[in-house]
Amino acid sequence: AAQVDFYGERQAGITTPQQERLMFASLDVTTTDADELQRLLGRWAAMAARFTQGKPVSDSPGKPLAPPFDTGEAEDLGAYSLTVTVGFGASLFDDRFGLAGKLPAALKPLGTVPGDTTMRENFTGGDLCIQACADDPQVVFHAVRNMVRAARGTATLRWSQLGFGRASATGAGQTTPRNLMGFKDGTNNIHADDTAAVQEFVWVGDETDQQWMNGGSYLVARKIRMEIESWDTDDLEDQEKIFGREKSSGAPLTGGEEFTAIDFNRTGDDGEPVIDINSHVRLSSPEANGGVRLLRRGYNYTDGQDPDTGKLAAGLFFICYQRDPHAQFKVVQARLGSTDLLNEYIAHIGGGVWACPPGVTAAGDWFGKRLF
Ligand code: HEM
């Protein structure tokens, strides 16, 4: 199975062509010892380097009378393009580890963002995050499970999320997949081969007030539940009006094919804009947000059935990467949050913001080495 290099100047899993499966985990650090935290980040780096080559935790199985070093469920599977991306939440930067002065301005709390009112504490925040992506569900589960296991005594799992289908295209030549509303998602995304856009909107540069983040990127996650049952009673014309695109082809309602530029100025016979002024594509577009763009890398998810309502508990686990969440995610979400036609059918129920430091460059190095 295909492999993605783990070691490098930048963390993999950001501009890497998006894999089919996700397991995302948020952890809280329980130790107050900064050395112990660094040892964990080192252990994680060593494990991730092995997992991304399709190898178990150790070449040795361990001793017969002790638990095996590796939990074993990925033994015959291979790497499946696994990437393991690690991030630090704002809550890590306190006096526990002497990191209070190292909090980047870009990681400071976003303040009130529309959509926040429905967020649930048990799916929100966390000191550390792990984003594991691969083309096999058991490979991502195995990576997170073993990393959480290795954290015992140092950090505990706060919440986690499985994603079963990529809901974005990030690579040249990747066909655009569909989200659970049946629409192509990722058409106007930043694609990895657009190096100018990646440089401008994704990677943190010299401008940062915290040089340990130079070469990293900020991850914003939003667990967005879809009101699937009511969406499924909406007529096609209204569904297309909400997004501003045709459902089947993904083409803008102003014509052409999927990748034809959207003509926001076109008006119909009735004199109204063809792309509704409150459509999702208009409100999230760079044209409506001072030129701002995001690299979206989300996944479809389901948690089965909501025990309280009997409805499908499913939606989009939205992930985006950027240089500065205050100047990018917050700006776009503020615009979407007030008048997006889509809001009738979605609710933000969890998520967080994490600073993903530059890559782990060699064996013996660890996630965020320059931070300490
Ligand atoms: C575009 C779906 C939430 C930002 C789109 C498109 C779809 C879509 C179908 C058009 C195709 C494309 O260009 O990718 C959804 C769904 C959401 C959701 C189902 C929630 C369940 C969000 C959120 C943000 C966002 C929370 C950011 C705050 C964008 C951006 C575009 C986009 C920037 C591209 C606009 C353009 O330049 O044309 N989304 N989206 N979306 N969405 Fe969303």
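Trainee: Which element gives the most to the shell around the ligand?

Mentor: This is a predicted model, in which local features need pLDDT of at least 70, side-chain atom pairs count only at pLDDT 80 or more, and totals for chains, interfaces and linings use all residues. Residues are numbered from 1 along each chain as its sequence is written. Elements are DSSP runs numbered from the N terminus: helices (H or I) of at least four residues and strands (E) of at least two. With four residues, the element that gives the most to the shell is H7.

Trainee: How many residues surround the ligand?

Mentor: Phe-183, Thr-187, Asn-188, Ser-284 and Leu-316 are the closest of the 28 surrounding residues. Two or more shell residues come from each of strand E6 (217-226), helix H6 (280-284), strand E9 (312-322) and helix H7 (329-339). The number of residues around the ligand is 28.

Trainee: How many residues of the shell around the ligand are charged?

Mentor: Ala, Val, Leu, Ile, Met, Phe, Trp, Tyr, Cys and Pro count as nonpolar, Asp, Glu, Lys and Arg as charged, and the others, Gly among them, as polar. The shell holds 14 nonpolar and ten polar residues. The charged ones number four.

Trainee: Is E6 largely enclosed or exposed?

Mentor: A residue is buried if 20 or more other C-beta atoms lie within 10 Å of its own, exposed if 12 or fewer, and partly exposed in between, with C-beta atoms placed from the backbone. Both faces of E6 are covered, with Ser-217, Leu-219, Ala-221, Lys-223 and Arg-225 buried on one side and Tyr-218, Val-220, Arg-222, Ile-224 and Met-226 buried on the other. Because ten of its ten residues are buried, E6 is largely enclosed.

Trainee: Which residue of E10 stands opposite Ser-217?

Mentor: Strands pair if DSSP finds at least two bridges between them. E6 pairs with strand E10 (residues 346-356) over ten bridges in the antiparallel sense, and eight bridges join E6 to E9, also antiparallel. On the E9 side, Tyr-218 stands opposite Gln-322. On the E10 side, the residue opposite Ser-217 is Cys-356.

Trainee: Is Thr-83 buried or exposed?

Mentor: Thr-83 is found in strand E2 (residues 83-89). Contact is taken as C-beta atoms, placed from the backbone, within 7 Å; not counting residues up to four places away in sequence, Thr-83 touches Val-4, Ala-12, Gly-13, Thr-16, Thr-52 and Cys-133. Since 25 other C-beta atoms lie within 10 Å, Thr-83 is buried.

Trainee: What separation do the C-alpha atoms of Gln-3 and Thr-83 have?

Mentor: Gln-3 is found in the segment before strand E1 (21-29). Gln-3 is partly exposed, with 14 other C-beta atoms within 10 Å. Gln-3 and Thr-83 are 80 residues apart along the chain, and their C-alpha atoms are separated by 8.7 Å.

Methods
Near = placed C-beta within 6 Å. Contact = placed C-beta atoms within 7 Å.
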